[in-house]
Amino acid sequence: MNYDHIVVRYGELSLKGKNRRHFESQLFETVKKKLKPFPALKAMKAFDRINIDLNGEDYSPVVKKLQEVFGIHAISLAVKSENDLEMIKAAALEAFRKANTGPGTFKISARRAYKHFPVGSQELNREVGAHILINTENITVDVHKPDIDVRIEVKENATYISCITFPGAGGLPVGVGGKAMLMLSGGIDSPVAGYLTLKRGVRIEGLHFHSPPFTSERAKQKVVDLTQELTRFGGKIKLHVVHFTEIQKIIKDKIPASYSMTIMRRVMLRIAEQIAEKNNAMAIANGENLGQVASQTMHSMYAINEVTNMPILRPVITMDKIEIVDIAQKIGTFDISIRPYEDCCTIFLPSAPKTKPKREKAIRFEQYIENLDELVARAVEQAETIFLDENKTTEEFSDLF
Ligand code: ATP
Ligand code: MG
């Protein structure tokens with residue numbers, strides 16, 4: 001016997017009352033897109049889950065893909081049986097044997113969603129439990145913390161039995177929570193911030209500032225590759241690349257060195273806000289973290305943040321570096337992030353920017369750049385857009401955005 005089905009469970013979704021239907025259909029669409037590389041599979045929406053008919057496909061690559069979908073709480077391997085007590089007992093025993101590795105405990109969790117099935121869930125628990133006990137050595141029942149939970153779900157057309165469950169990614173389905181403009185450097189933190197933003201159901205677009213020829217094509221490619229990784233969790237993602245050289249040169253010429261970083265960030269944020277508005281994003285997300293270096297102090301944040309009224313999501317703000325690195329490794333962005341590259345933000349900047357910049361001074365110094373609004377508008381207008389998707393290349397689908 002092989003596992004012929006996968007049962008996808010939602011978790012947090014079931015709590016969401018009125019929004020529930022919207023959440024579920026968003027998730028179902030995402031799951032269908034995710035399973036495109038496996039055309040033989042058939043996904044079916046049930047009341048509070050998705051059943052996937054494997055149609056002979058190996059389950060493990062499918063489970064891997066599903067583990068990248070936010071909104072999924074658990075993924076169970078299942079066998080399908082006809083709605084017949086003897087067949088259910090036989091199938092449950094077989095499924096149990098595949099999962100059982102030695103002495104241990106188990107329980108049966110039967111649910112009769114199809115009320116016309118003549119055997120009730122309590123009776124199913126007893127009947128199937130007894131059948132497994134009689135036919136297996138060295139096992140006992142533990143209804144509280146069993147090693148193996150044999151789940152039986154009786155639906156109208158069939159019964160699904162599962163013993164092996166993998167954790168899902170959790171969170172909410174991407175697309176139910178609006179859109180944020182993610183400021184993406186080539187570093188470790190911002191892709192993790194993007195991942196965590198997606199996890200709360202928020203769609204993202206990427207925004208990268210680069211300064212050719214001071215930063216290379218390779219540095220830009222790195223950000224493209226990072227965005228590509230994020231498409232595994234976020235589906236289609238637009239990446240905006242802003243040419244920042246002209247503005248950085250002006251900042252270097254006109255602003256006292258100790259404030260050039262603060263002013264540069266303020267300008268970046270202004271551009272981010274405008275690109276966000278232009279693309280219907282309601283927030284900016286970034287990889288800022290409270291730390292010791294100049295760009296990461298609360299003073300610095302205070303002096304920079306005021307240029308926008310847009311909410312700024314900072315998902316990694318309180319994390320330790322080690323926690324961020326952990327996530328980066330888990331989601332596959334770490335190895336890309338550590339490739340050597342030139343950072344547009346550091347290339348023009350003094351080695352010791354102010355760790356406690358003053359807001360009033362930042363405002364005053366900023367006025368040394370007379371045509372700031374114009375420079376910002378031009379940067380927004382001239383931004384380049386790159387389209388990324390998990391399963392396709394740019395040319396194939398750019399018209400779909
Ligand atoms: P990261 O690891 O994401 O680079 P960091 O710890 O190096 O972050 P900073 O360099 O101070 O911190 O940058 C803080 C945040 O500002 C970044 O996480 C990113 O969101 C944004 N940012 C910095 N440089 C750029 C850039 N060149 N393009 C777009 N966003 C940037
Ligand atoms: Mg950085």
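Reader: Which helices and which strand each supply at least two residues of the lining of the largest pocket?

Author: They are helix 5 (189–199), strand 10 (203–210), helix 8 (257–278), helix 9 (298–305) and helix 12 (344–347). This is a predicted model, in which local features need pLDDT of at least 70, side-chain atom pairs count only at pLDDT 80 or more, and totals for chains, interfaces and linings use all residues. Residues are numbered from 1 along each chain as its sequence is written, chains are lettered from A and ligands numbered from 1 in the order in which they are written, and side-chain values use heavy atoms, with hydrogens and water left out.

Reader: What makes a space a pocket, and what is the volume of the largest pocket?

Author: On a 1 Å grid over the protein atoms alone, a pocket is an open set of points with protein on both sides within 12 Å along at least five of seven lines, whereas a cavity is a set where a 1.4 Å probe fits but cannot get out; lining residues have an atom within 4 Å of a point. The largest pocket has a volume of about 860 Å³, a volume being the space filled by probe spheres set on the points, which are joined across faces, edges and corners. Of the 40 residues that line this pocket, Ser 185, Arg 265, Ser 295, Asp 343 and Cys 345 are the closest to its centre.

Reader: How many residues of each class are in that lining?

Author: The lining has 20 nonpolar, 13 polar and seven charged residues. Ala, Val, Leu, Ile, Met, Phe, Trp, Tyr, Cys and Pro count as nonpolar, Asp, Glu, Lys and Arg as charged, and the others, Gly among them, as polar.

Reader: Where does UniProt place the feature "binding site"?

Author: The unreviewed entry places it at Met 183, Leu 184, His 208, Phe 209, Arg 265, Gly 287 and Gln 296. UniProt positions follow the numbering used here, feature names are shortened, and annotations may be inferred rather than shown by experiment. The lining of the largest pocket takes in Met 183, Leu 184, His 208, Phe 209, Arg 265, Gly 287 and Gln 296.

Reader: Why is Gly 287 called buried?

Author: Buried means under 20% relative accessible area, exposed over 50%, and partly exposed in between (1.4 Å probe, protein chains only). Gly 287 has a value of 17%, so it is buried. Gly 287 lies in the loop between strand 12 (283–285) and helix 9. Gln 296 is found in that loop too, but at 22% Gln 296 is partly exposed.

Reader: What does Gly 287 touch, and what makes a contact?

Author: Contact means heavy atoms within 4.5 Å. Not counting residues up to four places away in sequence, Gly 287 touches Asp 189, Ser 190, Ala 193 and Val 316.

Reader: Why is the pair of Glu 370 and Lys 254 said to tie together parts of the chain?

Author: Their side chains meet in a salt bridge of 3.7 Å, N to O. Glu 370 lies in the loop between helix 13 (359–366) and helix 14 (372–381) and Lys 254 in helix 7 (residues 245–254), so the pair joins parts 116 residues apart in sequence. Glu 370 is exposed at 67%, whereas Lys 254, at 34%, counts as partly exposed.

Reader: How many salt bridges does the structure hold, and which residues are linked in a network?

Author: The structure holds 24 salt bridges. Lys 34, Lys 65, Glu 68, Glu 229, Arg 232 and Glu 390 are linked in a network of them.

Conventions. Helix = DSSP H or I, 4+ residues; strand = E, 2+ residues; numbered from the N terminus. Salt bridge = Lys/Arg side-chain N within 4 Å of Asp/Glu carboxyl O.
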